[in-house]
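Trainee: I have just opened this one and would like a slow walk through it. Could you take me around?

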Amino acid sequence: MAKTIIPIGPYHPLQEEPEFFILTVEGEKVVDIDVHIGYNHRGIEKLSETKTFDQSTFVIERICGICSTSHPFAYTRAVEDIIPIEVPERAKYIRTIIAEGERIHSHLLWLGLAGHFLGYDTVFMWTWKLREEILDVMEILTGNRNNYAMFKPGGVRRDIKSEDIPVVIKKIDSIVPTLEMLKKAVIDDPVIHARTKGIGVLSKEDAINYCALGPTARASGVARDVRKNSPYGAYDKVEWDMIVTHNGDVFDKLVVRVLEVFESIKIIKNCFLNLPGGEIDANIKDIPPGEGIGHIEAPRGECFHYVRSDGTNRPVRHKVRAPTFMNLPTYKATVIGEDISDATIILAAIDPCYCCTERMTVCNIKRKKIYSGKDLIKLSREKTKILRNKMGVK
Amino acid sequence: MSMKLKALLKSAWVFHLSTGSCNNCDIEILDCLTPRFDIERFGMLLVGSIKHADVLLITGSGNRKSMERAKRLYEQIPKPCLVVAVGECALSRGMFIHSYNCPVPIDKVIPVDVYIPGCPPKPEAIIAGVVKLIEKVKKGTEKKSSV
Ligand code: SF4
């Protein structure tokens, strides 16, 4: 295979994207893993440097469709750090609401895909159906299902209309019973326990050594959350809890995500309750020379932006570090030594790309057999079936 | 050829190819399969292998690395086939038109039958696009058979 590796850049490996994983296995055990990325490199950092500060938000939004709030959020914070300026209170609350809405739909999306990998397509369909409700909420608030274009340096672009709020709260409340049902169905299911407990364990030391972020780290007992540790937006003004579990296996990562959805709902409702009045934009005129950093908690972990300005209307340097970039190397600690049939769900557990598994090549040295992503999903599903039969679950 | 194409439309199997997109288009395509939109009602199915596909669904702005692969995949799809470009990126490279890594629009490399604009197009738009595609092929075949 030709080696054209562009390992860094505005690249966010998530599901449905082209990228390469090369697993080396002996028999059933995985002995090595290699990741090839770069199929998605679009030169966004460079593009952003050719746009004005205001235009950049739109490009930054398109780094990743699922995190189309996290990146502009981090970027605008970086720009505001250069000036420095305080964002109006109302804008802070609106930003928080949008960011949490995104977290809910992102976690539900992951949960669905995880269910799909385990052979529980019902979970996939249920969660994605629930996700539609959240997308509707986002459409009411922002005007689009994804790529919300709500953020601008100094505030937000659109206000939330007061007549929309009861509609939105009602919609959010309406998904809670289904979510509770889903939570019970997923967390109490003996087969899911058997498939995910003790699988792909990332110990606390490894999580710290690999600089794991977000739910991946919190599932290993590392209590790190930018929202708590260096609060931004309205996170220090509303009540919520950080979810931390200690086993570091796939099951704990699942639990963290499911419980975080409930916390996000809590945050959104609190924000609506306390939504202050006033301006939504600080009306930034000029951006002085200087540099600024902005970091926020994206659904997958800390998202970090660095912006340098030379006093003109364009950034001279813009650096992006997406959370998956830090989480990917944890595969070295979690996948190696596991069965091939578990590899899919372990790879999916950090919430990366799912298309990548479709393009994953497993080189079985001893039997000279090449598994495609499809075979792997099949293997994974067969394991669930066997377990089900053993446990007598219908 | 045209008869064959018409036969494809009864149950079009779709292969989805992302050539460097932001994921939103891809997720909206997956959304089409889930209960609210459910295009499987119309016999459409996402397949995992290009060799089983009748329709190639392309998203993304086509960067240097992935376009080579896209070209190779297009050579492997059984002909006749239909190609649908989804999203502003696949149409004209949208926001990435000045990027150093996205040199040409996709339709310069692969012949595209239907364009579905939007960033991202809503699932409704994707379904409407597919309906248009079916109409287009039907009209094409009728014309040819009447001549
Ligand atoms: S058209 Fe828009 S939503 Fe679709 S891949 Fe391109 S940037 Fe993303």
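This is a predicted model: local features need pLDDT of at least 70, side-chain atom pairs count only at pLDDT 80 or more; totals for chains, interfaces and linings use all residues.

Trainee: Okay, which residues does UniProt list for "binding site" along with A:Glu45?

Mentor: The unreviewed UniProt entry lists A:Val320 together with A:Glu45 under "binding site". They span 276 residues in sequence, yet no two of their C-alpha atoms are more than 7.2 Å apart, so they gather at one spot.

Trainee: Where does A:Glu45 lie, and is A:Glu45 buried or exposed?

Mentor: A:Glu45 lies in helix α1 of chain A, which covers residues 44–49, and A:Glu45 counts as buried because its relative accessibility is 11%, where the cut-off for buried is under 20%.

Trainee: And what is A:Val320 in contact with, beyond its neighbours within four places in sequence?

Mentor: A:Val320, which is part of strand β7 (residues 315–321) of chain A, is in contact with A:Glu45, A:Ile63, A:His71, A:Phe304 and A:His305 once those neighbours are left aside. At 4% relative accessibility, A:Val320 counts as buried.

Trainee: Switching to chain B, what is the order of the strands in the open sheet?

Mentor: The order is β2-β1-β3-β4-β5, with five strands of chain B paired in parallel. Strands β2 (45–46) and β5 (114–116) of chain B stand at the edges with a single partner strand each, so one side of each has no neighbour in the sheet.

Trainee: Which helix packs on that sheet?

Mentor: Helix α2 (residues 24–31) of chain B packs on it, touching β1, β2, β3 and β4 (82–86) of chain B, and its direction makes about 140 degrees with that of β3(B).

Trainee: Last topic: how many residues are in the largest nonpolar core?

Mentor: That core has 71 residues, and A:Ile94, A:Ile98 and A:Phe272 are among those with the most contacts inside it. The largest share of this core, 13 residues, comes from α4(A). Apart from it lies another core, of 49 residues, including A:Val307, B:Leu5, B:Ala12 and B:Val86.

Note on methods. Residues are numbered from 1 along each chain as its sequence is written. Chains are lettered from A and ligands numbered from 1 in the order in which they are written. Side-chain values use heavy atoms; hydrogens and water are left out. Two strands pair if DSSP finds at least two bridges between them. Helices (H or I, at least four residues) and strands (E, at least two) are DSSP runs, numbered from the N terminus. Contact means heavy atoms within 4.5 Å. Axes are lines fitted to C-alpha atoms, for helices over the stretch in contact, and angles run from 0 to 180 degrees between N-to-C directions. UniProt positions are given in the numbering used here, feature names are shortened, and annotations may be inferred rather than shown by experiment. Buried means under 20% relative accessible area, exposed over 50%, partly exposed in between (1.4 Å probe, protein chains only). A nonpolar core is a set of buried Ala, Val, Leu, Ile, Met, Phe, Trp, Tyr and Cys residues joined through side-chain atoms within 4.5 Å.
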